[in-house]
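The tour below goes from one selection to the next.

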Amino acid sequence: MIQLSPLLLLPLFSVFNSIADASTEYLRPQIHLTPDQGWMNDPNGMFYDRKDKLWHVYFQHNPDKKSIWATPVTWGHSTSKDLLTWDYHGNALEPENDDEGIFSGSVVVDRNNTSGFFNDSTDPEQRIVAIYTNNAELQTQEIAYSLDKGYSFIKYDQNPVINVNSSQQRDPKVLWHDESNQWIMVVAKTQEFKVQIYGSPDLKKWDLKSNFTSNGYLGFQYECPGLFKLPIENPLNDTVTSKWVLLLAINPGSPLGGSINEYFIGDFDGTTFHPDDGATRFMDIGKDFYAFQSFDNTEPEDGALGLAWASNWQYANTVPTEDWRSSMSLVRNYTLKYVDVNPENYGLTLIQKPVYDTKETRLNETLKTLETINEYEVNDLKLDKSSFVATDFNTERNATGVFEFDLKFTQTDLKMGYSNMTTQFGLYIHSQTVKGSQETLQLVFDTLSTTWYIDRTTQHSFQRNSPVFTERISTYVEKIDTTDQGNVYTLYGVVDRNILELYFNDGSIAMTNTFFFSEGKIPTSFEVVCDSEKSFITIDELSVRELARK
Ligand code: KTE
């Protein structure tokens, strides 16, 4: 019996898929970054060009049509003015040999020319230096500089800048540390569970300062570390108004299966990161948020901006899109905030909110790239089984499959949680009807467990064949307020063709998951459902906006 290696099976598997759904462009998100063609994973080298007001994202890429992770791994490159629509520029960095990879890394703006790569012909705001892992026999850290604002790079002729004779040191994220007047690099010594912290005056000479070791949920290996200082939205006093956050990714081994990002809150002194406690905190408790990276060179006072790869190594190579695979999450703004973790604990947590042309920023002329083509609102509704709450959008015209929604509700009967009969209410996101069938993405609140879950079961053959594509994913959510009516919760969500991003309680819990309707179906309508004769939920506010790009 010929033993087929898993990698060999992949193309076979994807051939079956393509028979099932000839064109898969209907699954391509419209306001999330995707590769025009080919494979995408980790975001790399993200920076904001303040002079041209242009956002740059590089990403792990293989532009050929197989759309699976394979060498040569390159840095693909896209730019955006509005963080929603992206222009693809092909490869910005390529390995010397086709069986090698330019693995993950970061970019810094070296405005004071500490590297010596630049002269006056390059605007200080556009002195771009990339720091990345060269993956060959060994994994070594290299640097390259750009003289054309980041579209092409010249590799440093004394590379590598760090070589520890290992095949498992990768993913350097570099930042300027004002307080100690040096470049700081966090890089993963993956299977030793170390985030190594190096310092440098010039991006060329690096000294190992410390190791952040064996913290958090270990999984199989650490990957893609990060480090940034975040403002506290509601400081307890006027002395501690910001904290440092160290980020890392683990894959495989997430408690949800596959890949996940975690973070630690603490202090950084230019040498060592000191976590405030031993807790493991996950950045996003969905299955499709990995290898997060923050932008370099943004205005720090409002928080850090960043995004993650919206997929999971458990099934990234087999998701049913053919000419391209995967997307990034929306760009999110990151801050810290004290919240009621539970009735007896008031603690700091990461707050994340999508940064794009939302209803708040719609007045901001520079981000006028989205328009609301359909709007639905319902307020102060005591929901029960007899309620009929559904958008009445005209689905015959060309639906966009892109929505944002806001929900604020009060659980008015708290006793419901103590019976053995659970009661549920939820948002059903329906597709249009194709050949007599409609598909639904369910978002349900279960009173017995005071839990939100999504059910992303669809009719797509991919899901029948992918046992680890978990179909129900849940999270508990603490109430955000209590009134004399009951416990109050809020939820903001964005659904965009094949991705659902949920932000509970003003961004204190985030959950990102992809889903795959079949046969050309896209999200076109919302319905609020409830299974209880006796009302236990009041919909205080629900608004649904169908969005279109101008
Ligand atoms: C890739 O499977 C390996 O060889 C890792 O688990 C994936 O590694 C390579 O992707 C990451 C980074 O650590 C690498 O730099 C990059 C994380 O494409 O997704």
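This is a predicted model: local features need pLDDT of at least 70, side-chain atom pairs count only at pLDDT 80 or more; totals for chains, interfaces and linings use all residues.

**Stop 1: residues 260-268.** Select this range, which is strand S15. Colour it by accessibility: 8 of its 9 residues are buried, so the strand is mostly covered, with buried meaning under 20% relative accessible area.

**Stop 2: residues 281-282.** S15 and S17 pair in the antiparallel sense, over 2 bridges.

**Stop 3: residues 273-275.** This is strand S16, antiparallel to S15 with 3 bridges between the two. Show Phe268 and Phe273, which are bridge partners across this pairing. Then move to the turn: S15 and S16 form a hairpin with 4 residues between them, and Gly270 in that turn has a positive phi of about 95°.

**Stop 4: another sheet.** Clear the selection and pick strands S5, S6, S7 and S8, which form an open antiparallel sheet in that order. Which strands stand at its edges? They are S5 (101-109) and S8 (154-155); each has a single partner strand, so one side of each is left without a neighbour in the sheet.

**Stop 5: residues 128-135.** Select strand S6 together with S5; 7 bridges join this antiparallel pair. End on Ser106, which stands opposite Ile131 in S6.

Conventions
Residues are numbered from 1 along each chain as its sequence is written. Side-chain values use heavy atoms; hydrogens and water are left out. Buried means under 20% relative accessible area, exposed over 50%, partly exposed in between (1.4 Å probe, protein chains only). Two strands pair if DSSP finds at least two bridges between them.
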